[in-house]
Amino acid sequence: MRAASLAVVGTLLGTTLLGPNARAQDRPILLTGAKVFTGQGQFKTGLSILIQNGKIAKIGAKVDAPVNAIKHELKDQFVTPGLIDANTALGLDSPTVNEESSEVTPQIRIVDAIDPDAWSFKHALSDGVTTAYVSPGERNVFGGLGVIVKTAGASLKDRVVREDAMLRMTLGSMPSAGNSPMRVAAPNMYYRRPTNRMGTIWEIRKAFYDADKARGSRQKKEISAATQVLINALDRKIKVRTTARQDQDIRTALRLANEFGIDIILDEATEAYYAMDYIVAAKIPVIAAPPSVMTGHEGERPQTDTIALLANAGVPVCIQTGLGLGALPLVREAAFAVRGGMNRQAALASITSVPAKILGIDDRVGTLADGKDADLVVWTRNPLSPSSRAVAVFVDGKLRSGNLDE
Amino acid sequence: MIQKLTTLAASAVFLASTVAAQEVLAIKAGTVNLGTGQTPMENAVILIKDGRIEQIGTKIEVPWNARVIDASGKYVMPAWVQAHSFGGLDISNEAIQVTPFLSVMDSIDPVNSYFEGCRRAGIGIIHVMPGNACAIGGRGVVVRPFGKTPEQMAIIQEAGMKMSLEPSSGGRSKHVADLRRALDDAKAHMEDLARQKKEFEQDKANSATTEANFVIEDKIDPLKAPLVDVVVNKKTTAYLYIPRASDVPVAIDLYRDYQFKTVFVLGPECYKAAKLLKSAQDKWQIPMIIDSRLEVTERDPITGKETEVCTAKAYYDAGLIFALSATGESYSRRMHYVRNPSASSARSTRAQALPWWQVATCVRWGIPEEVAIAAFTTIPASILGMSDRIGTLEKGMDADLQILAAEPLEPESQVEKLIVQGEVIYDRSTDPRVKELSGIKTSAPEKNGK
């Protein structure tokens, strides 16, 4: 008897305690009073943001909130769209994950290697990154297909924004690093792979040439998954994210793009300051290497203001944390871009609206506007100051990091 | 702890080359942070003469013959002070573990990019010491990062004595035993000399000797003399590097047993012993300098859970007073961070080379801005025993200051000029490395051999 009534009381208490909280996540949220950066321009005062059903229901000067909305007055705080990191190794076992059994693996999908519970996602999330591009590694000539994911969510499936988003192609010395010419009687895999740039570019040409032949062939032969991806690249149905750090590799990338008519995006382009005219003329976007890193990965020579130079030349440019070796969280890399001479508005845009555009996901993320995913970050100060901290991070309308109850 | 200063001799060589003895340097500044905790002055004038601040205020008339630096709209503050560093040396340690007789005067390389990096980052005073791979490494020197020879750079030629609890080969037991044996040896040496003196006096009384006198100071073994100054005379301060939290009690035992003047130089993991360090600081006023790796990721070995910890915040919360450190913006192709064996992973980035970043990191984690800035100015100044000369901008202090393009915590706060002892030792507008590493290039970048 007593046990039963206790149980009833317990359940009632439980519901009262859990009830509103459980439903709290589904209640609309109204944020007011903060300085808001919507994705371009300056921080603006006087904007209110209504979050409902995972989307930004309304952002504006006067926003009518439903009666059950939770209101947060964010006095003196700053709000930006959730940050978008255009190239990362989040959720992966190592900074560079490669299926090295072959150097041409365009069909390999990095989404199959992601651990959604990895701590790297949580760290990026707590620093304001809500959307990240995860890429296959740089040891293959064609590394495979990247994926764009949210850094938090119910399941990996829910978190995928775009699967098989871009094809990775790597120029430079990394695909041939560690391979050596066959000088001994017992060959292994590494003796068969390219040993320098000539072999690397040959593999690229061969792959595209064969794909082109298969595409045009009148014989109804079965086309392999790998070939199909390459055909899609030739048809410009999928972009080719081309890693090119040194100036010679940047110009080779542009030459290949011209030769095969593929739609490329330059990855890192560290020595873009030497090939600026070519990049501008080709009208190609750049996912710039982290500006705080001044040590070259494969002998390239970084400069302090490359990303500012690209932005000033009108090249669409965004920032990545990339391999993560010595890189800071994305928002701090943006601070270093400013330190290197980049304009503040451009720096903020280069981690929000510009990567969204470059990755082709600007219909959903990258700006704070009616109907966009409710991905946003509340900061203690202007996020470009390294003394600022992300107080709360919303992904798809749910508070996924920090809290606003201070 | 102020050693014999070689100021006038060294600075005269310096100052004579650019600023005539009677010349006054006037800085018209937009905002001046005095480093004293007062609200910054707006539109102030700083008059510098003979390497010192002669006047500083808002209503000062600039002498007609003064050389004027127009820093209107810029932010002026004391130069950063680095109380412990082993950059700029040939190699930072010798292979022998106990070498108290060595001095970094013999291995400082004035053209090492480390000093260039310090100038670029606004670090005006550096206490250069031997590295951590020793038991007793030798004497440090307090320098300004400018000069053609170590003598021109030196401000205090005989500074601290470096000691370390980090074993280079073998284990900790032998390492600490070697350290203790060296200290005991120095003490025994002095006791032996005292005994010899007593015997001499007896002999003298018995006319058994023709020697006039027995002066202990003349008989001290020169290889042991530096250690004698640490552990017997207490004239020299030991800077003791503590790699891990578990080494903190060992350091405290050392202090208890030998009672020498010491500064603790803390490795990145020592924050776990923050409370113990605080009680040592309270009891014995031991100053502390913390490692430049301020953000450490702790990984639970069982659950795999990763937590980010800020070491400075852990110390601040425990009530510890500490100095920060950074390695300077040298743009060196090789990262020269010491590899410390540690269970947790301390993230190493170029950013932590910059005092600006270190201070901002402290503030980001909740340490008040004045405390963070003091940790890189007045606190290291007092650790070095130079509070009457550096760390703040006041009348009579050395003119050590930096002119920044923006407020110190903002990313735009590049060092435009660094002035040390009244001399402009860095000017960003003529920094060849800045030109080399920025701008559109029309000739191919120089590639390393690798």
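Predicted model: local features only at pLDDT ≥ 70, side-chain atom pairs only at ≥ 80, totals over all residues.
Local features require pLDDT of at least 70 and side-chain atom pairs count only at pLDDT 80 or more, while totals for chains, interfaces and linings use all residues. Residues are numbered from 1 along each chain as its sequence is written, and chains are lettered from A in the order in which they are written.

**Contact between chains A and B**
- Chain A contributes 29 residues and chain B 27 residues to the contact (two residues are in contact if their C-beta atoms, placed from the backbone, lie within 7 Å).
- On the side of chain A that touches chain B, the largest share, five residues, belongs to helix α10 (residues 330-339) of chain A; helices are DSSP runs of H or I with at least four residues, strands are runs of E with at least two, and both are numbered from the N terminus.

**Domains of chain A**
- Chain A is divided into domain 1 (27-81 + 367-406) and domain 2 (83-365), with bounds from an automatic or database domain assignment.
- The C-alpha centres of domain 1 and domain 2 of chain A are 31 Å apart.
- Their contact takes 21 residues from domain 1 of chain A and 25 residues from domain 2 of chain A.
- On the side of domain 1 of chain A that touches domain 2 of chain A, β18(A) gives the largest share, three residues.

**Residue A:D396**
- A:D396 is located in the loop between β18 and β19 of chain A.
- A:D396 is buried because 22 other C-beta atoms lie within 10 Å (buried: 20 or more; exposed: 12 or fewer; partly exposed: in between; C-beta atoms placed from the backbone).
- Beyond neighbours within four places in sequence, the contacts of A:D396 include A:G54, A:K150 and A:D373.
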